[in-house]
Amino acid sequence: MNPFNKRTAWRIGAVSLLLAFLASPLAWFVAREKAEESTVSLAIEESQRLLGHFGAIALSGPDAAAHANDAAKTLTGGLFDIAEIYDGQGQKMAEEMTAEGLHLEGILIHHARPTYTATSYESLKLPDGRWVLRVFVPLRIGDTPQSEITGYFEGVRVVPEWQRQQMLDSALSAALMVGFASLLCGAAIYPVVVRLSADNERKAREVLDSHISMMEALGRAIAKRDSDTGVHNYRVAWIAARIAEKLGFRGTSMQSLIIGSFLHDVGKIGIPDAILLKPGKLDDAEFAIMKTHVSQGEEIVTGIGWLDGANDVVSGHHEKWNGAGYPRSLKADEIPLAARIFAVADVFDALCSKRPYKEPMGFDAAMAILEKDTGSHFDPGVMAVFRPMARDIFDQLAGCSEEFASQLLEDQVRHHFGI
C-alpha cells in the first residue's frame with residue numbers, strides 16, 4: 001500500500017470510528033427512549049380502556065366512587081403497582097396499590113391536586129436500582145383536547161427486570177447496528193476515495209507536465225534567438241533553487257522561483273535581432289531597447305495563472321541591492337527575495353560560463369567579483385547562504401553540457417513539483 005493509501009485508510013478509519021463512537025451512544029439513548037415511550041403509551045392506552053370499561057371516565061352519578069374503585073383494583077397488580085383516580089376537581093376518589101407499591105408510596109414525591117391538561121410521564125431511577133414509570137392521564141369524555149376534563153388517573157409501574165433487560169437489549173442492538181454501519185460505510189467509501197484521488201492525482205500530473213512542457217518550450221524559443229541562453233537557463237534555475245532550499249523555500253514559492261529563473265529572459269523574444277545578436281557593445285539607444293525585455297517579459301508571464309508566480313524574478317532580476325538597477329530602481333527588501341536569490345545565481349553562472357565573447361572565469365575570480373559587489377548589487381543575506389555552497393556548485397557545473405544541466409534541473413523540478 002502506497003503512503004497516500006495508508007494515510008487515506010487511517011483517516012477514513014479514524015473518522016468511521018469517531019462516527020461509531022458518537023452515533024452508537026446516541027442510537028442507544030434514542031432506542032431506549034423509544035422503548036420507554038412505547039411501554040408508557042401501551043400502559044396509558046390500556047388504562048384508558050379499562051377505565052372506560054368500568055365507567056370510571058365520566059366519574060359522575062351515585063356509583064362513580066364504586067366504578068373508580070373497581071377500575072383502580074383492576075389496574076393494580078397488572079399494569080401498575082399504584083393506581084389513583086381523581087375527580088374533575090382533583091379530589092382523590094380511589095387508590096389501590098400492591099405491596100411493592102405500598103413501599104414506593106413512601107419514596108415518591110407527592111404533588112398537590114392535579115390540574116394538568118395533557119398526558120405525560122416520568123421515568124425515575126430509585127436508589128436501590130429499580131426503574132419506575134409514573135404516568136399522568138387527564139380523563140375526558142370526548143377524544144379531542146378541547147373536551148372537558150372529568151377526572152385524572154395516575155399510575156406508577158415498577159418496570160420488571162425482564163422488561164428492563166429487553167428494552168436495554170433492544171437499545172444495545174440499535175447502537176451496535178449504527179456503529180457497525182458507520183464502520184461498514186467507511187470500508188465502502190475507502191476504495192472510492194482512493195480511486196477518485198488517484199484520478200485527480202493523474203490529472204493534476206498531466207496538467208503539471210503540460211505546464212512544464214510549456215515552460216521548456218518558451219525556454220527553447222528564447223534559446224533559438226539567443227545562443228547564450230539555452231544552457232544558462234537550466235544552470236541558473238538549478239543554482240537559484242539550491243540557494244532557495246537553504247532559505248526555506250518550499251511548495252509554491254519554490255516552484256515560482258524555478259519557473260521565473262528559467263524564464264527570466266523570456267522578454268528577449270521581443271528584442272530585435274540587430275540588438276539581441278549584436279556582437280559588439282550596445283550604444284545607449286540600443287541598451288535602452290534591450291532593457292525593455294524586462295517589461296516585455298512581465299507582459300508575457302502576467303495573467304497566465306501558473307506563470308504569475310514567475311513575475312517576481314522576471315520583473316526584478318536586474319534590480320540591485322543599492323537601488324541602482326532597473327526598471328524600477330528598487331532597493332534592499334523592496335526587491336522580491338526570489339529576484340535577489342536569482343541575481344546571485346545569474347551573475348555567478350555568467351562569470352563562470354564560456355560565452356562567445358569571453359572565456360569562463362575561475363572560481364576565485366568569480367567569487368571575488370561577487371564579494372566586491374555584495375551590499376551594492378547583491379543581498380548580503382543571500383550571499384551569506386550562497387558562499388558555503390559556491391565551490392560545490394562550481395565543481396558540478398564546470399564544463400557541463402546542456403544535457404547534464406537539463407538533467408540537474410529536471411531532478412529539482414521532479415522534487416519540488418511532486419512529479
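## Strand pairing, helices and loop geometry in a predicted model

Strands β3 and β4 (residues 131-140) pair in the antiparallel sense, over 6 bridges. This pairing is seen in a predicted model. Within it, Ser-120 has Phe-136 of β4 as its bridge partner. The two strands form a hairpin with 5 residues between them. In this hairpin, Gly-129 takes a positive phi near 95 degrees.

The chain as a whole has 419 residues, of which 43% are buried. Its secondary structure comprises 15 helices and 5 strands. Contacts between residues at least 6 apart in sequence were also examined. Of these, 62% join residues at least 24 apart.

The 5 strands form an open sheet. Their order is β2-β1-β5-β4-β3, and the pairing is antiparallel. Two strands lie at the edges: β2 (92-97) and β3 (120-125). Each of them pairs on one side only. From one strand to the next, the twist averages 10 degrees. Helix α2 (residues 64-75) packs on this sheet. The helix touches β1, β2 and β5. The direction of α2 makes about 25 degrees with that of β2.

Strand β5 (residues 149-158) has pairings with β1 and with β4. Strand β1 (residues 82-87) is joined to β5 by 6 bridges, and the two run antiparallel. Here Ile-82 has Val-156 of β5 as its bridge partner. Strand β4 is joined to β5 by 9 bridges, again in antiparallel fashion. In this pairing, Val-137 stands opposite Phe-153 of β5.

Strand β4 also stands out for its burial. Of its 10 residues, 10 are buried, so the strand is largely enclosed by the rest of the structure. Its side chains divide between two directions. Trp-131, Leu-133, Val-135, Val-137 and Leu-139 point one way. Val-132, Arg-134, Phe-136, Pro-138 and Arg-140 point the other way. All are buried, including Arg-134 and Arg-140.

Helix α11 (residues 337-352) is mostly covered, with 13 of its 16 residues buried. Its length was compared with expectation. At 1.5 Å a residue, the 16 residues should span 22 Å. The end C-alpha atoms are 23 Å apart, which agrees.

The peptide bond from Tyr-326 to Pro-327 is cis, with omega near 10 degrees. Ser-329 is found in the loop between α10 and α11 too. Ser-329 is not a glycine, yet has a positive phi of about 55 degrees. The relative accessible area of Ser-329 is 42%, which makes this residue partly exposed. Ala-332 is another residue of the loop. Its phi is positive as well, at about 50 degrees, although Ala-332 is not a glycine. With 23% relative accessibility, Ala-332 counts as partly exposed.

Helix α15 (residues 402-416) has 15 residues. From first C-alpha to last, α15 reaches 21 Å, close to the 21 Å expected at 1.5 Å a residue. Its buried residues are Ala-405, Leu-408, Leu-409, Gln-412, Val-413 and His-416. Seen down the helix axis, these buried residues fall within an arc of 140 degrees, so they line one face of α15. On the other side of the helix, Glu-403 and His-415 are exposed. Just after α15, Gly-418 takes a positive phi of about 70 degrees.

Definitions and conventions. Residues numbered from 1 in each chain as written. Predicted model: local features only at pLDDT ≥ 70, side-chain atom pairs only at ≥ 80, totals over all residues. Heavy atoms only, no water. Helix = DSSP H or I, 4+ residues; strand = E, 2+ residues; numbered from the N terminus. Expected span 1.5 Å × (residues − 1). Buried < 20%, exposed > 50% of the residue type's maximum accessible area, 1.4 Å probe, protein only. Pairing = 2+ DSSP bridges. Axes fitted to C-alpha atoms, helices over the stretch in contact; angles between N-to-C directions. Contact = heavy atoms within 4.5 Å. Arc of directions from axis to C-beta.
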